[in-house]
Amino acid sequence: MNWYEEFGLQVQLDVPLAPLTWFGLGGPAKFYILPRDLTQLQTIVARLRQEEIPIYVLGSGANLLVNDRGVNGAVICLNTPAFTATEINGDTVRAGAGKDVQKLLLEVTQAGLAGLECLAGIPGSVGGEIKINAGGMFGDIGSSVQTVTIMDTNGQLFTREKDDLIFAYRQSNITTKFILEATFSLSEDDPHRVMNKVKEIWMYKKNSQPLAEKSAGCIFKNPQGHAAGKLIDQSGLKGTTIGGAEVSTKHANFITAKKGALAADVLALIALCKERVKQKFDVDLETEVVIW
């Protein structure tokens, strides 16, 4: 009996990852795992460690590029109900790590809670966005986080309090493999006023970013004192294509995937952008997108 057979339908073999990412690119996962609850997650992780199988954690597939060969390991996705629940208690909100951030934003907005409007138009799950402190010119998710519940690969749980959390530009001090849930401290406000703010931010992004196309969000972090998109644009790369991938004509810090694109095309454009910006401005671009 193979190790994975004891978990039934919770473990699937050779599952294509492309449909599970915003880029829509990449090969399959050798093992694709949907744990029912925390107990099963702990059991599965222990077994993966025993089998020495690499572990990858998948959220909503935003900010991710999977290579064309796929992932020779176990991809664990926390989008079952046990990991996507939300609970609103006054101005405190608890959300599972697998919760889609745009759905969470709608729920808190309808409840008349302000503080997460900066996430409008940013795809992702709660866990992923906390780990990289997602945000932009309107703010970031870390400013509202009160606690984060995490799990290491030994299955041990820890709760990190606000005073123990550090959020900076596109990073946090959370290094464990699993974020399980978080609580947010928001402020009560008029639902219509909060919704108007959300719409205002979303419209700004719609007009300045290729939200309707297949991409992973911003490809590069902004170097200190610079805007990555502007550097790429001034390097003459806006609209450049390799295979089915294109440096967006709307915002040069986005690479979009057209019909027939391969992950290799995106990787080639990433390398080209790094090379040209280094040559022209002597600035090293660092990828924001996670590459598997």
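I started with a count: the protein chain has 6 helices and 20 strands. Helices (H or I, at least four residues) and strands (E, at least two) are DSSP runs, numbered from the N terminus. I then looked up the radius of gyration, taken over C-alpha atoms. It is 19 Å for the protein chain, close to the 19 Å that the globule rule gives for 292 residues, so the chain is as compact as a globular protein of that length. The globule rule is 2.2 Å times the number of residues to the power 0.38.

**Ground rules**

This is a predicted model, where local features need pLDDT of at least 70, side-chain atom pairs count only at pLDDT 80 or more, and totals for chains, interfaces and linings use all residues. Residues are numbered from 1 along each chain as its sequence is written, and side-chain values use heavy atoms, with hydrogens and water left out.

**Confidence**

I checked pLDDT, the predictor's confidence in each residue, from 0 to 100. The mean for the protein chain is 94, and 100% of its residues reach 70 or more. Confidence is lowest in strand β9 (residues 135–136), at a mean of 87. It is highest in strand β7 (residues 92–96), at 98.

**Whole chain**

I noted that the C-alpha trace spans about 55 × 55 × 30 Å along its principal axes. Buried residues make up 48% of the 292 residues. Buried means under 20% relative accessible area, exposed over 50%, partly exposed in between (1.4 Å probe, protein chains only). I looked at contacts next, meaning heavy atoms within 4.5 Å. Among those between residues at least 6 apart in sequence, 64% join residues at least 24 apart.

**The sheet with β1**

I found an open sheet of 4 strands, in the order β1-β2-β5-β3, with mixed pairing. Two strands pair if DSSP finds at least two bridges between them. The edge strands are β1 (11–16) and β3 (55–58), each pairing on one side only. Neighbouring strands here are turned by 35° against each other on average, direction ignored. I followed β3 to strand β5 (residues 71–77): they pair in the parallel sense over 4 bridges. The bridge partner of L58 in β5 is C77. Helix α1 (residues 38–51) lies across β2 (28–33), β3 and β5, running at about 165° to β5. Axes are lines fitted to C-alpha atoms, for helices over the stretch in contact, and angles run from 0 to 180 degrees between N-to-C directions.

**Strand β15**

I asked how many of the residues of strand β15 (residues 178–185) are buried. The count is 6 of its 8. β15 pairs with β7 in the antiparallel sense over 5 bridges. Strand β11 (residues 145–151) also runs antiparallel to β15, joined by 6 bridges. I found E181 of β15 opposite G96 and opposite T149.

**K99**

I placed K99 in the loop between β7 and α2 (101–110). Is K99 buried or exposed? K99 is buried, with a relative accessible area of 10%. Leaving aside neighbours within four places in sequence, its contacts include F83, L104, E107 and V126.

**The sheet with β17**

I ended on an open sheet of 3 strands, β17-β18-β19, with antiparallel pairing. β17 (241–242) and β19 (255–257) are the edge strands. Strand β18 (residues 245–247) pairs with β19 over 3 bridges. Helix α6 (residues 263–281) packs on this sheet, touching β17, β18 and β19. Its direction makes about 30° with that of β18.
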